[in-house]
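Me: Could you help me learn to read a protein structure, one feature at a time?

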Amino acid sequence: MLSRLHSADAAVADDKSTSRGATSEQPYSEILRRAGQFSESADRLAVGHLNPFEIVIEDVLGPVEAVIGGRRTVMFGTNSYLGLNFHPDCIKAAQQTVLHYGTGSTASRVASGNHAMHVALEREIASFYGCREAVIYSTGFMANLAAISGLAREKDAIFLDAHSHASIFDAARLSGAEVHAFAHNDPADVERLFRESKIAGTRTLVVLESVYSVWGDVGDLKSIAAVAKRHGALVVVDEAHGMGIYGKHGRGVVEHLGLEKEVDVIVGTFSKSVGVIGGFSVSNHAELRWLRMMARPYLYTASLPLSIVASARTALGIISGEPGLREKLWRNAEAFHAGLRAIGLDVCSAAGPVGSVRMQGVKTGHDFWKSLLSQGIYVNMLLPPATPNGEVLLRFSISAAHTPEHIDAALKAFRAAAQVAKAA
Ligand SMILES: Cc1ncc(COP(=O)(O)O)c(C=O)c1O
């Protein structure tokens, strides 16, 4: 069930051996051989700048426009849901701060990297969520590593959704707890795990995403949290793709569904709707005040640069104060989904700002992806094992910064690529 823990292994499943470097005196390293196979399988999809996994952005023209392969390209794979990475106030906050405080913090929070601005951002993110405790981390990936591995230990259990992000799988492994994946979005399977577990529910963490980052579907938080609570488990929800997008105040799906009392810890990132980098965990449990001291990914890494902190603080104010951005995002997402469905494409989920289109095999997917790029539209190409059920997917993310012309251009390109794929 934990296949997504070992993505590199799975990507090199075909066992073509490479004997480079072996000599009669020195046997060739199995570790290098495996790494070589991985490089080969990645290189197979590379055609100059058309390698989907090493795309080079030559210039950035705004939140959703860039130059790739010498041409102006509209980005449909950025996660800049609200376009705040180019908001003048966020840029100004970062500029002023970097001039005064320099470029980096150069130390961890527990050494000499804890600044009043870090503490202020923690206070503000706690207040944004209406929670008493907050901790910030250097990335969203580390927020999951820290919160999950900080809470669960050996002799505890972690139940996580089979479609979880790699950071959740890695966090679970790092914790040393017993880990079980449940079938995607399936409360009955969570119930089964509790029934079969030898570890008490009160020693169990149930980890969910509010919006699953590949298909873009919303987690069944209500039913799964209800099962978890019945067994006395703690519920952790990753709002990476929900924050700024769902809920009246942009807090996410937990707010949208009114589940603040059922969810024990919310984990999130500043790298998507907030437009910078960094992550956080918030909770109403006073016991979690010292989560920071229990979490190695907090303790042993440099703190966020203050220019990033300043920009994140400004962005939080915009997220809660300007609901019009969210409305624009949703209008764009609905128009884009409607267009994809009208073309007859197999879209994974209901309308939302992130989603994927299923492709029939790697070649079709790669041809489709190349066709879109040649028409000035960039989406993410995803291959197994990074995808659920071995699917080949073209993943898109919509932004409030997309104009109706961007959406039309993308739909036109999808239509042309679909016609070519049909004729092939
Ligand atoms: C669901 C989810 N959680 C966590 C992360 C990690 O966030 P970050 O990229 O900010 O480290 C991501 C990033 O894609 C994600 O999709």
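Reply: Gladly, and let's begin with domains: their bounds come from an automatic or database domain assignment. Here that assignment gives domain 1 (42-75 + 323-423) and domain 2 (87-321). Before we go on, note that this is a predicted model, where local features need pLDDT of at least 70, side-chain atom pairs count only at pLDDT 80 or more, and totals for chains, interfaces and linings use all residues. Residues are numbered from 1 along each chain as its sequence is written.

Me: How many residues does each domain bring to the contact between them?

Reply: Two residues are in contact if their C-beta atoms, placed from the backbone, lie within 7 Å. Domain 1 brings 14 residues and domain 2 brings eleven residues. On the domain 1 side, the elements giving two or more residues are helix 13 (323-343), strand 11 (354-359) and strand 14 (392-397). Strand 11 gives the most, with three residues. By class, that side has seven nonpolar, five polar and two charged residues. In this scheme Ala, Val, Leu, Ile, Met, Phe, Trp, Tyr, Cys and Pro are nonpolar, Asp, Glu, Lys and Arg are charged, and the others, Gly among them, are polar.

Me: You mention helices and strands; how many does the chain have?

Reply: Helices (H or I, at least four residues) and strands (E, at least two) are DSSP runs, numbered from the N terminus. The chain has 15 helices and 14 strands.

Me: Why does the radius of gyration agree with a compact globule?

Reply: The radius is taken over C-alpha atoms, and the globule rule is 2.2 Å times the number of residues to the power 0.38. For 424 residues the rule gives a value near 22 Å, and the chain has 22 Å, so the two agree. Along its principal axes, the C-alpha trace spans about 60 × 60 × 50 Å.

Me: What share of the residues is buried?

Reply: A residue is buried if 20 or more other C-beta atoms lie within 10 Å of its own, exposed if 12 or fewer, and partly exposed in between, with C-beta atoms placed from the backbone. Of the 424 residues, 47% count as buried.

Me: Which residues of strand 9 point which way?

Reply: In a regular strand the side chains alternate between the two faces of the sheet. In strand 9, V265, V267 and T269 point one way, while I266 and G268 point the other way.

Me: Which strands pair with strand 9, and are they parallel or antiparallel?

Reply: Strands of a sheet pair through backbone hydrogen bonds, either parallel or antiparallel. Two strands count as paired if DSSP finds at least two bridges between them. Strand 8 (residues 234-238) runs parallel to strand 9, joined by three bridges, and V236 stands opposite V265. Strand 10 (residues 279-283) is antiparallel to strand 9 over five bridges, with G279 as the bridge partner of T269.
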